[in-house]
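Trainee: Please take a close look at one part of this model with me. I would like to follow how its strands pair up.

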Amino acid sequence: MIKISPKTLKDLEFSTVAKQVSEYCNTDKGKEKAIHIVPFTDKDILIDALKMVNEYKSSYFQDARIPNHGYDSIGNELKLLGIENTFLEANNLKKIVSLNFTVNDLLYFFNKKVELYPTLSKFSREITFTTDIIKSIEVIIDKFGEVKNSASPILQNVRRSITSVQGQLNGSFGRDLSRYSAAGVLDDIRETVVDNRRVLAVKAMYRRKVKGAILGSSKTGSIVYIEPEATRNYNNELSNLLYEEREEVIRILKKLTNEIRPYQEILISFQEYLSDIDVIAAKTKYAESMNALLPKISENRDLYLKDAYHPVLLLNNKSKGDTTYPQTIGLSNDSRIIVISGPNAGGKSITLKTVGLLQVMLQSGMLVPVHEYSRMCLFDTILSDIGDNQSIENHLSTYSYRLKNMNYFLRKCNERTLFLIDEFGTGSDPELGGALAEAFLEVFYEREAFGIITTHYANLKMLANELPAITNANMLFDTRTLKPLFKLHLGEAGSSFTFEVAQKNGIPYSLINKAKKKVERGKIRFDKSIANLQKERSKLEKTRTKLDSEANKAGSEKERLEKINDRVQKKLESYQELYDANQRLIYLGNKVKGLSESYFKNKKKKPVIDEFMKILEIENVKIKQQTAKQRKAEKAKQEKAKKEVEQKVEVIRKEKKKQKEKEEAKPVKPKPVLKVNDRVRMHDGKAIGVIDSIEKGKATIDYGMFTTNVSIDLLELVERKR
């Protein structure tokens, strides 16, 4: 049986995740359930819950989308059904009909789509499919939420009478309104409504002229509101009829409610089913918001998280536009415990919380934001000791509280446990606290528990180095700037960079040296060795990243050049084949031309026909040598090459056309009107002459030595006559 304590959920801030999921719910009951999400205690139920969320997510990529599951809560209606001699109003019954329809739509859908949604279909089969409730209610209640006239003969007669009396009342009031209006006793507003009754607005001075009951007056007292006597009688009769109608409606609704009452348990199951579907849909939407998925669930003790994100941090950073750094971490039988060390603010605690929160989310039936190659297993118990847990109520110090917590760990810890401890061993004398922490860690190791701890203690780092199934890890730092890189590195312990950070923050070097002298030389050398290793690791990481980047660039460039080379080679082959085909056609054309010339000279048909038949036979032999597939391929290549050539020719034509249109679009100077004695020359000539006369579009030009007649369109003006 799986059991995860409320303290662990609190330490990992699981309530924040539950609240975020609840915001995606459509129904009040669904939101209430989402807020109180806790890890499942039964493994089989958990696996089904994970499958249902994953199937619902898959519906986003299917044509068969899951129908709407929204509904109005019927909590109050269910309470009334549980009390004898109560009845539901018509609008309450309509809510029940709507609920039943929604459930039936989902049940019908999942029954048809078993192959696409096997687990959701299995879950839905536990719900009763019925139309009896709908039929019973729809016989009595219409689509507008009113009791039908046909619900009973008495109701039908009463409503007929109501309609008749209302007609008489309106007719009577209309006649009184016209009569008193003509008499001039009414105010300009003529009529109004008081206590749901139509009344005449009578001027106060004429109130005695109107027979009826005074129901009120205006604030100034200038208008008196009178209900005419005949109208009053009809209103009284109408009130009696409305009372009878209400009594009959209540009788009908009581009878209908008693018919529905045996279905109370089914209606409860309907509401529970829809709220469960609402929570499943909300978990799916939450998963979509951070690209979460269902990793492989391992039957063995095997936890491997690739590119794992802390969900709350991811969504907060996403809303701000900040970067979130994923972590890759794994636990297995060969590496059951990881000891993360290094300076503060490097991401140790958030890495530990990420693993814990993702595990709790998975065991609560939720998808997690990890890479698809990730693997996760299920733990019976998850223990945590995170943050400053000073117990004010019990007057315990942080260290006392943590010792009490460690005692609880010792009782619960086994091979099906995942433990998470932040700043392991702190709160007491470093020497003594470190020794006790080391003893605790050895017990957890012997019990084969899985766990992650963060620490600054050198003895725990050394223990991790000595025991085969414990792994040291550190959060990488830029050794030059001492800024965190938020990346976990397995296999090496991390330096706390105590003196380096102090120096960077302006602490005098003399003071740092003084502090160093107070610490055992072995510890300083150990920490310095770790720091140097981390510096070397940082340099190697930068070099590796740079080389990877250059290799990727070179690979991309090589791929690009290979593609260009392939394209050029294919085009050359196509052009060569097209050229060969055209040359063959030219050769055949020349042959045919030669035969034509020969026949033209000697008019002898036989030699021409013989030669032509030889050409045909040679071509037929070539065709026979080729298979149909080769002919088709060759034709396709020729067509492709021809098409490419035509496309290029078309491009050139379009460019020439554009150039021509551009030239034509240039503004044309108006052609001058030529007159006698103007000096002119022809467009394509150099000789200049004088116009002697102009007649019918032609001009006589005197060149001095001779004269000539030229069309005016061929002349251009050189100089006007003076």
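Mentor: Start with a definition: two strands pair if DSSP finds at least two bridges between them. Keep in mind that this model is predicted. In general, strands of a sheet pair through backbone hydrogen bonds, either parallel or antiparallel.

Now take strand S16, residues 689–695, and strand S17, residues 698–702. Five bridges link S16 and S17, and the sense is antiparallel. Look for Val 690: Asp 702 in S17 stands opposite.

Next, turn to the other partner of S16. Strand S15 covers residues 679–682 and pairs with S16 over two bridges, again in the antiparallel sense. Find Val 680; its bridge partner in S16 is Gly 689. Six residues lie between S15 and S16, and the two strands form a hairpin.

S15 has another partner too. Strand S19, residues 715–719, runs antiparallel to S15, and four bridges join them. Here Arg 679 faces a residue of S19: Glu 719 stands opposite.

One last point for your tour. In a regular strand the side chains alternate between the two faces of the sheet.

Key: Residues numbered from 1 in each chain as written. Predicted model: local features only at pLDDT ≥ 70, side-chain atom pairs only at ≥ 80, totals over all residues. Heavy atoms only, no water.
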